[in-house]
Amino acid sequence: MLARRQLGACLLSVLLAACASSPSSLSDERITIDHVTVLDGRGGASISDARVVVRGDRIESVSRSSTAAPGKGRLIDGSGKFLLPGFIDMHAHLLMPRCDGTFDRELSGRMVEQLIDFGITTVRSPGNPTIEGLAFRDQLNAGAVRGPRAIASAEILNDPSMTPEAIRAYVRNALPYRPDYFKFHSRFPPESVAVLVEAAHAENIPVIGHLQRTSTVQAIRLGVDQVTHAADWSPDMLRPENRAAYAAARAANGPIKARLDWLELLDLDSPEVSAAIEALRSSGTSMDPTLVAYDSKFRDPASPRYRANPYVDRIPTLSDDWRQCQAIAEDWTQADYGRWTRLWPKLLEYVRRLHDAGVLLTTGSDVTNPWVIPGESIHQEMEFLVEAGISPSEVLRMSGANAARALGRGDIGIVEDGRRADLILLSADPRISISNTRSIDWVMQGGRIVSRRSDASKSLSPSSLRR
């Protein structure tokens with residue numbers, strides 16, 4: 001199983017690197033960013049007073065600045081500023097749905113443009129309509145659409161009645177569109193996951209799991225390569241004596257509100273939780289916790305964190321839809337919202353334990369969900385990870401080196417010689433406050449500055465964003 005997984009990751013990396021290196025209209029112009037502090041994406045010590053030379057779409061060198069002239073080409077003074085790898089959002093669906101469930105290509109284009117303005121230069125899209133979604137991925141990667149480069153899954157599998165042959169046919173039928181992943185969702189049972197993993201791995205394509213009916217431990221044993229979301233909402237994560245109460249809550253209140261009961265019943269010190277953490281750690285399986293996706297669903301609507309966020313109306317069609325569409329937690333009472341507020345620290349504590357155990361955590365927003373604001377949400381996610389007790393430097397690693405490792409990519413996620421020149425210049429130190437990730441002077445993608453400071457990237461104080 002591991003050999004198959006490693007082969008799939010290797011082949012994916014080769015294919016994506018080849019795509020990234022395809023001929024373009026980029027000149028061989030040299031750009032030197034001088035006297036800048038480099039936070040290289042590994043989460044370690046910074047490089048102060050550094051000189052970073054970009055030639056074409058690559059980083060040519062990273063060294064200390066000197067009194068010697070930087071040579072020919074364009075010079076950017078980075079004094080007092082901070083250079084980082086472009087952020088990687090590991091959970092950004094490419095196609096934006098409207099209230100009626102149809103996908104809006106024009107709205108999706110505006111959404112991915114906003115992602116690049118907020119410093120996101122690469123996304124993993126875990127689930128789209130196969131033909132339309134993968135075609136949109138190809139347009140992004142070819143530069144025909146302004147936005148991040150993308151790695152994308154075929155359409156999500158979530159029908160528990162699918163036969164093994166139907167699952168194999170789904171894999172075969174998707175292959176002409178070159179999916180980077182296959183993904184299953186919460187209702188897919190372990191026996192179906194086993195068939196999907198076998199069929200996908202036979203084509204050297206990794207599998208992403210959105211867990212619930214298949215638990216964390218089951219998914220790892222079956223060879224699932226990456227998992228989404230911190231909580232798996234599976235009864236297997238609860239102590240045996242608590243599972244009947246969870247089943248009763250699901251029957252009485254439905255699966256969404258019963259998530260509150262799951263969190264209340266979850267014992268972080270139980271053998272079941274320890275087994276899930278150890279399975280993730282020992283297998284090297286990556287996870288994007290998507291804390292912002294949980295909180296944006298279950299936070300009291302009176303909170304200004306989402307509905308009154310400074311960026312919520314940047315795409316008016318989108319925010320208008322969110323105000324008109326039926327909310328997932330529409331029937332919740334103030335008591336339900338109060339329960340979420342009380343239980344929120346417990347979910348954060350679980351994520352901290354995952355980190356402390358050495359699980360490969362990455363940053364993901366689950367954008368295209370209501371109130372998950374494109375671009376802004378990755379910065380909120382990083383704030384929540386710090387709130388969970390993870391240091392800002394480690395959170396930056398999650399969006400840099402960790403994400404690159406999860407994707408099997410050796411060309412992004414780190415500021416070093418030979419990597420793609422996907423870079424962000426910040427005017428404030430994100431190690432002092434992770435909210436400073438918004439202090440974007442410019443975003444560089446493949447050696448081109450593609451976005452400059454604007455209303456999309458001005459620094460905001462933590463107090464204005466955490467209410």
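Trainee: Which residue lies over the face of Trp 344?

Mentor: This is a predicted model. A charge sits over a ring if CZ of Arg is within 6 Å of the ring centre and within 35 degrees of the ring normal. The distance here is 5.9 Å from the ring centre of Trp 344. The residue is Arg 299.

Trainee: Which ring has Arg 124 over its face?

Mentor: Arg 124 lies at 5.9 Å from the ring centre in question. The ring is that of Tyr 181.

Trainee: Which residues form one aromatic cluster with Trp 344?

Mentor: Trp 344 is also the ring under Arg 299. Its cluster includes Trp 332 and Trp 340.

Trainee: How many aromatic pairs does the structure hold?

Mentor: Ring centres must lie within 6.5 Å to pair. By that cut-off, the total is 11.

Trainee: Is the pair of Phe 118 and Tyr 311 stacked or edge-to-face?

Mentor: A pair of aromatic rings is described by the distance of the centres and the angle of the planes. The centres of Phe 118 and Tyr 311 are 5.1 Å apart, with the planes at 85 degrees. Planes over 60 degrees apart fall in one class. Therefore the pair is edge-to-face.

Trainee: How many residues apart in sequence are the parts that this pair ties together?

Mentor: Phe 118 sits in the loop between helix H2 (105–117) and strand E9 (120–125). Tyr 311 sits in the loop between helix H10 (304–307) and helix H11 (316–324). Both residues are buried. The separation of the parts is 193 residues.

Trainee: Is the pair of Phe 184 and Phe 188 stacked or edge-to-face?

Mentor: Phe 184 is buried, as is Phe 188. Their ring centres are 6.2 Å apart, with 25 degrees between the planes. Stacked pairs have planes under 30 degrees apart. This pair is stacked.

Trainee: Now the charges. What is the count of salt bridges?

Mentor: Side chains of opposite charge can pair when their charged atoms come close. The cut-off is 4 Å from a side-chain nitrogen of Lys or Arg to a carboxyl oxygen of Asp or Glu. The count is 36.

Trainee: How many residues apart are Arg 42 and Glu 416?

Mentor: Their closest N and O atoms are 2.4 Å apart, in a salt bridge. Arg 42 lies in the loop between strand E1 (30–38) and strand E2 (47–55). Glu 416 lies in the loop between helix H14 (392–407) and strand E16 (423–426). The two are 374 residues apart.

Trainee: Which residue forms a salt bridge with Asp 267?

Mentor: Asp 267 lies in the loop between helix H7 (243–265) and helix H8 (271–283). Its partner lies in the loop between strand E13 (226–228) and H7. The closest N and O atoms are 2.7 Å apart. The partner is Arg 239.

Trainee: What radius of gyration does the protein chain have?

Mentor: A compact globule with 467 residues would have a value near 23 Å. The chain's value agrees with that. It is 22 Å.

Key: Residues numbered from 1 in each chain as written. Predicted model: local features only at pLDDT ≥ 70, side-chain atom pairs only at ≥ 80, totals over all residues. Heavy atoms only, no water. Phe/Tyr/Trp six-rings, centres within 6.5 Å; stacked < 30°, edge-to-face > 60°. Helix = DSSP H or I, 4+ residues; strand = E, 2+ residues; numbered from the N terminus. Buried < 20%, exposed > 50% of the residue type's maximum accessible area, 1.4 Å probe, protein only. Rg over C-alpha atoms; globule rule 2.2 N^0.38 Å.
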